[in-house]
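Colleague: I have a model open and would like to learn how to read it. Where do we start?

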Amino acid sequence: MKSDISFIRLSDVDPAEIIQHMSDPRVAEHMPLLTFKWDEVAVAKFVATKEDCWQRDGLGHWAILSNSKYVGWGGFQKEGDEWDFGLVLKPDCFGLGGPIFRKAIDFAFADDRIPFVTFLLPPSRKNLGALKRIGATFVGEVDYTGSTFRKYRLDTQVSS
């Protein structure tokens, strides 16, 4: 069955869906910054923070739907002068990562605001084949709020 992937605002998703998603221990395995319990207050703060990004930058993280069902969240968030891409899927939807990633990266290539995309991956992420296949290059290790991440960069605009 083909999956119809769509992006909507996080504020349009039932907070209980996000709580259930982010409370799954399999999600936390690759999220070293996930050190708190997800509840109504945490979701409200999370969604408000992501909405602030939309207001400030005109772009931010989306809720991701597959065939109209919430499967996770992700998108582009401005970090200084860089657009960082993140993707956090429900464990039973990990297999949708490829199609979601391709749709989001196609968006970045079509958006003039995004000259390149960065990716911060925790050392626990071992399968980096997709990044290499699309031409992302390793920048180095960075510390982000006390955790080490491997940083990659993908140029999205072709020089003339």
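Modeller: Start with the idea of a core. A nonpolar core is a set of buried Ala, Val, Leu, Ile, Met, Phe, Trp, Tyr and Cys residues joined through side-chain atoms within 4.5 Å. Keep in mind that this model is predicted.

Colleague: How many residues does the largest nonpolar core have, and which have the most contacts inside it?

Modeller: The largest nonpolar core has 19 residues. Phe 76 and Phe 119 have the most contacts inside it. Two or more residues come from each of β4, α4 (97–110), β5 (116–121) and β7 (147–155). Helix α4 gives the most, with four residues. There is also a second, separate core of 16 residues, which includes Ile 19, Val 47, Ala 63 and Val 88.

Colleague: What does Phe 76 touch?

Modeller: Leave out residues up to four places away in sequence. Then Phe 76 touches, among others, Trp 62, Trp 83, Phe 85, Phe 107 and Val 117. His 61 is also one of its contacts.

Colleague: Let's follow His 61. Is His 61 buried or exposed?

Modeller: Buried means under 20% relative accessible area. His 61 has 7%, so it counts as buried. It lies in strand β2 (residues 61–66). Now look for polar partners. The side chain of His 61 makes a polar contact of 3.2 Å with the side chain of Lys 50. Another polar contact, also listed at 3.2 Å, joins the side chains of His 61 and Gln 77. Beyond its sequence neighbours within four places, His 61 is in contact with residues including Leu 10, Trp 54, Trp 73 and Gly 86.

Colleague: Now a helix. Which residues of α1 are buried?

Modeller: Helix α1 covers residues 15–22, and its buried residues are Ile 18, Ile 19, His 21 and Met 22. Look down the axis of α1: these residues fall within an arc of 165°, so they line one face of the helix. What covers them includes α2 (25–28), α3 (40–57), β3 (69–79) and β4 (82–89).

Colleague: What caps the N-terminal end of α1?

Modeller: Asp 14 does. One of its side-chain oxygens lies 2.9 Å from the backbone nitrogen of Ala 16.

Colleague: How do I read empty space?

Modeller: Rolling a probe the size of a water molecule over the atoms shows where empty space is left. Here the largest pocket has a volume of about 1,700 Å³. It is lined by 47 residues. Met 31, Gly 86, Leu 87, Val 88 and Leu 120 lie nearest its centre.

Colleague: Which element gives the most to the lining of the largest pocket?

Modeller: Helix α3 does, with seven residues. Elements that each supply at least two lining residues include β3, β4, α4 and α5 (129–134).

Colleague: Ile 134 is in α5. How do I read its accessibility?

Modeller: Ile 134 has 34% relative accessibility, so it counts as partly exposed. It touches Phe 101 and Leu 154, not counting residues up to four places away in sequence. Ile 134 and Lys 50 are 84 residues apart in sequence. In space they are 27 Å apart, C-alpha to C-alpha.

Colleague: One more. Is Lys 151 buried or exposed?

Modeller: Lys 151 is buried, with a relative accessible area of 15%. Its place is in strand β7. Not counting residues up to four places away in sequence, Lys 151 touches residues including Glu 82, Phe 119, Leu 120 and Phe 138.

Note on methods
Residues numbered from 1 in each chain as written. Predicted model: local features only at pLDDT ≥ 70, side-chain atom pairs only at ≥ 80, totals over all residues. Heavy atoms only, no water. Buried < 20%, exposed > 50% of the residue type's maximum accessible area, 1.4 Å probe, protein only. Arc of directions from axis to C-beta. Contact = heavy atoms within 4.5 Å. Polar contact = N/O pair within 3.5 Å; in protein donor to acceptor, adjacent residues only side chain to side chain. 1 Å grid on protein atoms, 1.4 Å probe; cavity = no way out; pocket = protein on both sides within 12 Å on 5 of 7 lines; lining within 4 Å. Points joined across faces, edges and corners; volume = space filled by probe spheres on them.
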